[in-house]
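Morning, everyone. Let me put the model up on the screen, and then I'll walk you through the parts I looked at.

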Amino acid sequence: MQENIERVAEWIVGAKKVVVFVGAGVSTESGIPDFRSPGGVWDKYDPEDFEFGKFLSSEKARLNYWRMATEMYDSIKNALPNAGHLAIAELEKMGKLDCLITQNIDGLHFKAGNSRELVLELHGTAVYVMCLGCGKKYERDEIQAHFLKEERAPRCEACGGILKPATISFGQAMPEMETAEAYRRSGSCDLFIVVGSSLVVHPAAAMPVVAKRGGAKLVIINRDETAADNIADLVVRDQAGTTMAAVLIQTKRLMAKRGPF
Ligand code: NAD
């Protein structure tokens with residue numbers, strides 16, 4: 001274990017461009033369930049009910065969606081960043097983060113201290129709500145308060161359009177700028193670290209492959225097997241929080257030993 005931590009830290013110190021790529025597994029230690037682990041979101045809900053086409057299909061489907069989304073948002077709104085988020089934010093402060101590509105919608109990287117400029121939210125965010133008609137953006141808490149009072153799928157006050165949490169559902173277009181930038185950064189980094197993702201959701205899951213093709217080393221830190229373990233230079237099967245905290249300590253040690261360049 002310690003040997004793995006030391007290798008990751010050495011690679012971080014030696015790399016010019018480090019990209020960290022995270023999934024729901026980095027947030028389970030903050031009390032937000034992932035999708036695929038036992039007790040995760042798919043044990044409770046039918047993935048089909050989260051499809052964009054279904055959401056658009058009827059008022060009833062939208063009400064159902066908002067009920068499920070409200071339950072999920074309950075675990076997100078008061079969650080605090082854990083040791084994994086904090087270690088990644090610290091890498092940014094140390095100048096060791098080219099960018100953070102996140103599939104998460106919980107906004108915890110910002111609570112941990114990462115800056116907006118370095119975080120690419122591939123699947124949007126649950127912290128805001130968007131009008132699908134005119135694009136007006138709302139604070140999630142404001143819309144939730146209305147929803148809990150009225151028990152009706154909310155509508156835009158400006159244009160009457162359909163409101164949806166600003167997350168990307170299955171079947172919904174990926175955000176163009178974030179996706180293009182994430183591919184570009186993946187292809188041009190020299191170290192790509194995956195933390196807490198099963199790497200089965202596409203196109204996000206293609207990014208480690210893009211990084212490898214571009215010549216980067218690939219590290220995967222995940223509790224269970226992932227779809228890209230076979231192409232990784234190093235797989236660490238452990239908790240995201242404790243592992244990232246240990247990697248951070250070792251990286252700081254090495255950097256202090258090397259001194260200023
Ligand atoms: P996933 O559920 O497919 O995989 C999560 C992986 O994390 C699993 O392989 C699991 O073994 C691992 N894991 C769980 N807890 C861990 C821990 N403490 N330490 C290390 N590994 C841990 O999730 P995914 O790969 O992110 O992809 C699915 C989708 O889930 C994404 O689109 C994302 O938007 C969405 N999602 C996000 C949140 C969130 O924002 N927190 C929560 C649930 C789902």
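Predicted model: local features only at pLDDT ≥ 70, side-chain atom pairs only at ≥ 80, totals over all residues.

Residues are numbered from 1 along each chain as its sequence is written, and side-chain values use heavy atoms, with hydrogens and water left out.

Okay, sheets. Helices (H or I, at least four residues) and strands (E, at least two) are DSSP runs, numbered from the N terminus, and two strands pair if DSSP finds at least two bridges between them.

Let's zoom in on β1, residues 18-22. Is it buried or exposed? Five of its five residues are buried, where buried means under 20% relative accessible area, exposed over 50%, and partly exposed in between, with a 1.4 Å probe and protein chains only. In a regular strand, side chains alternate between the two faces of the sheet. Here Val18, Val20 and Val22 point one way, and Val19 and Phe21 the other. On one flank, five bridges join β1 to β7 (residues 191-195), with Phe21 partnered by Val194. β1 also pairs with β2 (residues 99-102) over four bridges, again parallel, and there Val20 has Leu100 as its partner.

There's also an open three-stranded sheet, antiparallel, in the order β5-β4-β6. β5 (137-139) and β6 (163-167) are its edge strands, each pairing on one side only.

On to the ligand. Its shell has 28 residues, with Arg36, Gln103, His123, Ser198 and Asp224 coming nearest; a residue counts as near if one of its heavy atoms lies within 4 Å. By class, that's eight nonpolar, 13 polar and seven charged. Which atoms of Thr28 and Ile105 come up against the ligand? For Thr28, a polar side-chain atom lies 2.8 Å from a ligand nitrogen. For Ile105, a backbone N or O atom lies 2.8 Å from a ligand oxygen. Phe35 has a polar backbone atom 2.9 Å from a ligand oxygen. The protein covers 96% of the 860 Å² of accessible area that the ligand has on its own.

Most residues other than glycine have a negative phi, and most peptide bonds are trans. The bond from His202 to Pro203 is cis, with omega near 5 degrees, and Pro203 lies in the loop between β7 and α9 (207-213). Leu199 is in the loop between β7 and α9 too, with phi near 60 degrees, and it is buried at 4% relative accessibility. Glu151, in the loop between α7 (140-150) and β6, has phi near 55 degrees. At 37% relative accessibility, Glu151 counts as partly exposed.

That's my tour; happy to take questions.

Notes. Polar contact = N/O pair within 3.5 Å; in protein donor to acceptor, adjacent residues only side chain to side chain. Areas by Shrake-Rupley, 256 points an atom, 1.4 Å probe, with all protein chains shown as cover. Nonpolar A, V, L, I, M, F, W, Y, C, P; charged D, E, K, R; others polar.
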